[in-house]
Amino acid sequence: GSCVNPEVTGKVGGDANIDMQSSDNGFAYEDDSLGYYVWADFDTIVPLVPSFRVKYQQLAYAGTGEINAGLTGNIASVDLSELSGTVESELELNYLDAIVKFGLPLPIIDINFGVNARITQMYFRAQEANLPAVEAEQLLVMPLGYLSASAKIPFVGIEIGGEYSTLPLDGIEILDTNIYARYFLPLPSNLLFKVGIEASYHEYHLGIAESELLPFLNDVQSDVDFKGYSVGITAQF
């Protein structure tokens with residue numbers, strides 16, 4: 001597991017254009033969690049047999065902003081036109097990646113490609129002063145293309161690499177980039193599993209406009225960017 005401190009910028013709610021950072025017609029969000037993520041690889045060395053990776057990322061934010069009346073749009077199926085005045089709100093966009101990948105037999109550089117099934121659990125809660133809270137949850141499953149590359153620095157045992165997942169469709173732009181450096185400790189258990197230290201930088205862009213191809217996403221319209229650094233423990237099986 002690794003501890004991260006992701007920042008969020010951008011807007012949600014389609015035509016509402018509610019600013020994630022601003023306290024004036026916005027939610028004034030700040031990181032509201034440890035922001036951890038965990039991952040594990042399950043690698044095979046048999047040709048044409050895929051390897052697997054699973055990764056869980058926590059993204060949770062909270063803030064208090066002044067919302068103007070007459071807004072339009074939705075977030076996690078909540079009608080934002082119902083909100084006005086001083087609003088306390090929370091937003092979670094936690095996701096699980098289930099990746100099936102194939103490796104290319106290349107020297108020096110390890111390249112993998114495949115498919116990433118991203119399961120995102122959206123949760124939104126908002127409350128005006130002296131009024132009942134409104135809240136909703138929404139589960140999104142999105143297939144992303146996946147590409148990764150890594151290489152070991154000779155003589156020092158440090159591995160550097162990156163991962164890229166994307167989904168460019170009508171009205172949708174999901175881009176996820178992770179760059180890392182990791183070092184696996186020389187332990188007797190390395191024949192069974194490896195434990196190491198990892199430092200990484202992560203950028204995640206979630207752009208969802210009104211889409212005729214995937215109309216069920218019209219309730220989660222957004223143009224949001226998440227960025228953060230992390231340092232932590234990693235494992236490979």
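**Charged and aromatic side-chain contacts**

Lys55 is buried, with a relative accessible area of 6%. The model is predicted, and side-chain atom pairs were counted only at pLDDT 80 or more. Lys55 forms a salt bridge with Glu163, at 3.9 Å from N to O. Lys55 belongs to strand 6 and Glu163 to strand 13, so the pair ties together parts that are 108 residues apart in sequence. Glu163 has a relative accessible area of 8%. This value is under 20%, so Glu163 counts as buried.

Strand 13, where Glu163 is placed, covers residues 158-169. The side chain of Glu163 also makes a polar contact of 2.4 Å with the side chain of Arg53. Leaving aside residues up to four places away in sequence, Glu163 touches Arg53, Lys55, Ile99, Tyr146, Leu147, Ser148, Asp176, Thr177 and Asn178.

Nine salt bridges were found in a search of the whole structure. One of them joins the side chains of Asp43 and Lys101, with an N to O distance of 4.0 Å. Asp43 sits in the loop between strand 5 (37-42) and strand 6 (51-57), and Lys101 sits in strand 10 (residues 85-104), so this pair ties together parts that are 58 residues apart in sequence. Asp43 is partly exposed, at 39% relative accessibility. Lys101 is buried, at 5%.

A further salt bridge links the side chains of Arg182 and Glu198, at 3.0 Å from N to O. Arg182 lies in strand 14 (residues 172-184) and Glu198 in strand 15, and the two residues are 16 apart. The pair thus links distant parts of the chain. Arg182 and Glu198 are both buried. Elsewhere, salt bridges that share partners form one network of Asp41, Asp43, Arg53, Lys55, Lys101 and Glu163. The network includes the Asp43 and Lys101 side chains as well as those of Lys55 and Glu163.

The charged end of Arg182 sits over the ring of Tyr180, 3.8 Å from the ring centre. The charged end of Arg118 sits over the ring of Tyr204, 4.8 Å from the ring centre. Tyr204 is also part of an aromatic cluster, which it forms with Tyr61, Tyr95 and Phe226.

Seven aromatic pairs are present in the structure. Tyr201 and Tyr229 form one that is tilted, with 4.8 Å centre to centre and 45 degrees between the planes. Tyr201 is in strand 15 (residues 194-208) and Tyr229 is in strand 16 (residues 222-236), so the pair ties together parts that are 28 residues apart in sequence. Tyr201 is partly exposed, with a relative accessible area of 23%. Tyr229 reaches 61% relative accessibility. That value is over 50%, so Tyr229 counts as exposed.

Conventions
Residues numbered from 1 in each chain as written. Predicted model: local features only at pLDDT ≥ 70, side-chain atom pairs only at ≥ 80, totals over all residues. Heavy atoms only, no water. Helix = DSSP H or I, 4+ residues; strand = E, 2+ residues; numbered from the N terminus. Buried < 20%, exposed > 50% of the residue type's maximum accessible area, 1.4 Å probe, protein only. Polar contact = N/O pair within 3.5 Å; in protein donor to acceptor, adjacent residues only side chain to side chain. Contact = heavy atoms within 4.5 Å. Phe/Tyr/Trp six-rings, centres within 6.5 Å; stacked < 30°, edge-to-face > 60°. Lys NZ or Arg CZ within 6 Å of the ring centre and 35° of its normal.
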